[in-house]
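Please have the viewer open as you read.

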Amino acid sequence: MSPTLQLEIAAICIIHIIAIVLSVVCLAVFTMKSRRDDPSANAFLILQGAMTLWMVFKILKTVSPDVTLRWVFILGYYACTCVVEAAFIEFGHAYARGTRLPRKIRPLVYGLPVLQFSWILTNPLHFLFYGHYDFYGDSFGPLFYAHMLIEYTYFGVGLFYCRLRFKKEFSTRNRAVTWIVSTAILVPLFLNLLYITKVLHTLTFMARIPVIFDITPIVFTWSTLLFMYATFNHDLFSLTPLMRHEITHHLNLPIALFNRRFRLGYTNGAFQSLFASGRAMDDFLATLPDQLEKSGESGFETRIGDASFVVSCRKIRTVTGGQLLVTLRNVTQYKAIQADIMAGQEKIEEKNKRVNETIRQLKELSKGSARKFVARELHDIIGHSLVAAIKLLEVARIYGPHDTTRGLPSLTHAVNALDTGLSGIKAVPESREESGRVTGEELKKEIDELIEQARHTGLDASLNLQGMIYLLEPALYTTLHRTCTEIITNCLKHADATRLFLSVKIRETHAHLMAVDNGKGAHPLIPGSGLLGMEERARALGGEAHFSSEDGFMTRITIPRQGDLSVS
């Protein structure tokens, strides 16, 4: 073996081994950082792997001891080139479109490389691809050039797709990035073309360089390094920002990895920072297996320092076999929130007790209020009906023996007064649940019946009611009606009056009632249950009542209204 041949073999091996090491490093980095859901990253990994194997077979072809073994390595060499061309067009499409090649064209894209490899595999039968092959030189047949034409066509289509993506990527980038990525793709193809056309050989001989071989794989490695630089510094590729072990190490979640025998294999930074010393972590790890065995999949709760954690364990499968992944979830804030919730629940329960006690007291008060309401209603109803009946009976007693035309009707009116009182008593339970509105005209009709009844006793009573067009709220209607009833009753029972004037004015915003009689009045004025009842009714609706006893007796009541509806 000549010294020149030895130098050439050594140069090929050393340079390609360096290129292979760099390619494997690049392949490992891309594998760890690439996203499995990115089709362009997957195609690039296949492309990178095929080119790395290409260089491996290149070395084996160079150092092969005989022709037969050399031919086997040549087959591997060209098998990688067929994979590279298909992977590059798959990469270009995925890089530009974000998806794999359409199903309709995949058979054509993958079928041509298979056809190409069949030419090479069957070459010993026809010698149309290789005329001969040895270390010093190869002679090629027509199928070789057809193979290269197809291969460059694939690369051209792949470059077309890459250009679509680069056009978007480089629109906002400087020219340096454009040149880096462009040379990373075009230079290997250009040098390969020079090598195939023997131009590179001529230039090498002119430069008096004793070593000449296909440097395309080596340039490819250099291009890969440039492409990685552009990818990681300018985000040309959709990759994970950090390697997976870096992500795990920088997670805030404490993680520890054990083998099946519970021997510690890995802990991330968050796990290590939990413990003040290595001894503290060893003590925790010593008790961990027993605690996890007792707690099962649900895990257990523990305290480390001032913090509370829930420790859980999950079985996972890795390349080295089954392992145990232990995670510690910090629940200190949740425990504090839970304590606050418990304290809040205790306060709520205490307030509920107070509310229940208040409800009980209100029920007692409501019972008293109900009794008071019923008593007031009965006082007004029974008082008026009895007083009217007594006065009518007196009229009947006085005029009955002498004037039957006045005596008998008075008896009839007395009976009607008592019937009216009994009907009012029966209606008391429903009077607290009044609903609907009544007109001022209906109120006038009710008061006119009371006045007509009083007239039969000899009282000259009259009514002036204004605002009959308005609809009255049930509570206001009841208050005006009961107040008029009480005024007439007091006039018959206490005043010894012969005349009574009632005035009721209903307006949009308020209702005003005034009553004046010519009775003896009251000196001094001491309100009884009747007058107090009128005051309570008025105050319940936000109004007020005034009484005076100078010339007779006068009552003035003003009540604000809750609505201003009028009869349409």
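Here are my notes as numbered points, starting with the overall picture.

1. **What we are looking at.** This is a predicted model, in which local features need pLDDT of at least 70, side-chain atom pairs count only at pLDDT 80 or more, and totals for chains, interfaces and linings use all residues. Residues are numbered from 1 along each chain as its sequence is written, and side-chain values use heavy atoms, with hydrogens and water left out.

2. **The chain overall.** The protein chain has 18 helices and 14 strands; these are DSSP runs numbered from the N terminus, with helices being H or I of at least four residues and strands being E of at least two. Of its 568 residues, 42% count as buried. Here buried means under 20% relative accessible area, exposed means over 50%, and partly exposed is in between (1.4 Å probe, protein chains only). The chain exposes about 32100 Å², with carbon and sulfur atoms supplying 60% of that area; accessible areas come from the Shrake-Rupley method with a 1.4 Å probe, and for residues only the protein chains shown count as cover. Among contacts (heavy atoms within 4.5 Å) between residues at least 6 apart in sequence, 66% join residues at least 24 apart.

3. **The largest core.** A nonpolar core is a set of buried Ala, Val, Leu, Ile, Met, Phe, Trp, Tyr and Cys residues joined through side-chain atoms within 4.5 Å. The largest one has 37 residues, and L443, I447, I488, L500, L502 and V504 touch the most other members. Elements that each supply at least two residues of this core include α16 (440-455), β9 (460-466), β11 (499-506) and α18 (529-540). Helix α17 gives the most, with 9 residues. In soluble globular proteins, nonpolar side chains tend to be buried together. A second, separate core of 33 residues includes F30, M148, I150 and F155.

4. **Helix α17.** How far apart are the end C-alpha atoms of this helix? They are 30 Å apart, which agrees with the 32 Å that the 22 residues (474-495) should span at 1.5 Å a residue; the expected span is 1.5 Å times one less than the number of residues. Helix α17 is mostly covered, with 19 of its 22 residues buried. After the helix comes D496, whose phi is positive, near 50 degrees.

5. C484 sits in α17 and is buried, with a relative accessible area of 0%. Leaving aside neighbours within four places in sequence, C484 is in contact with I447, V504 and L513. C484 and I451 are 33 residues apart in sequence, and their C-alpha atoms are 9.4 Å apart in space. L443 lies in helix α16 and counts as buried at 0% relative accessibility. Not counting residues up to four places away in sequence, L443 touches L465, L472, Y477, L480, H481 and I506. The C-alpha atoms of L443 and T478 are separated by 9.1 Å, although the two are 35 residues apart along the chain.

6. **Salt bridges.** A search of the whole structure finds 7 salt bridges, each a side-chain nitrogen of Lys or Arg within 4 Å of a carboxyl oxygen of Asp or Glu. E301 pairs with K335, the closest N and O atoms being 3.1 Å apart. This pair links distant parts of the chain, 34 residues apart: E301 is in strand β5 (residues 300-304) and K335 in helix α13 (residues 332-399). E301 is partly exposed at 46% relative accessible area, and K335 is partly exposed at 31%.

7. **Two more pairs.** K520 forms a salt bridge with D496, with 3.6 Å between the closest N and O atoms. K520 lies in the loop between β12 and α18, and D496 in the loop between α17 and β11, 24 residues apart. Both K520 and D496 are exposed. The side chains of E535 and R539 also meet in a salt bridge (3.9 Å, N to O). These two lie in helix α18, 4 residues apart, about one turn of the helix. Is E535 buried or exposed? E535 counts as buried at 19% relative accessibility, whereas R539 counts as exposed at 53%.
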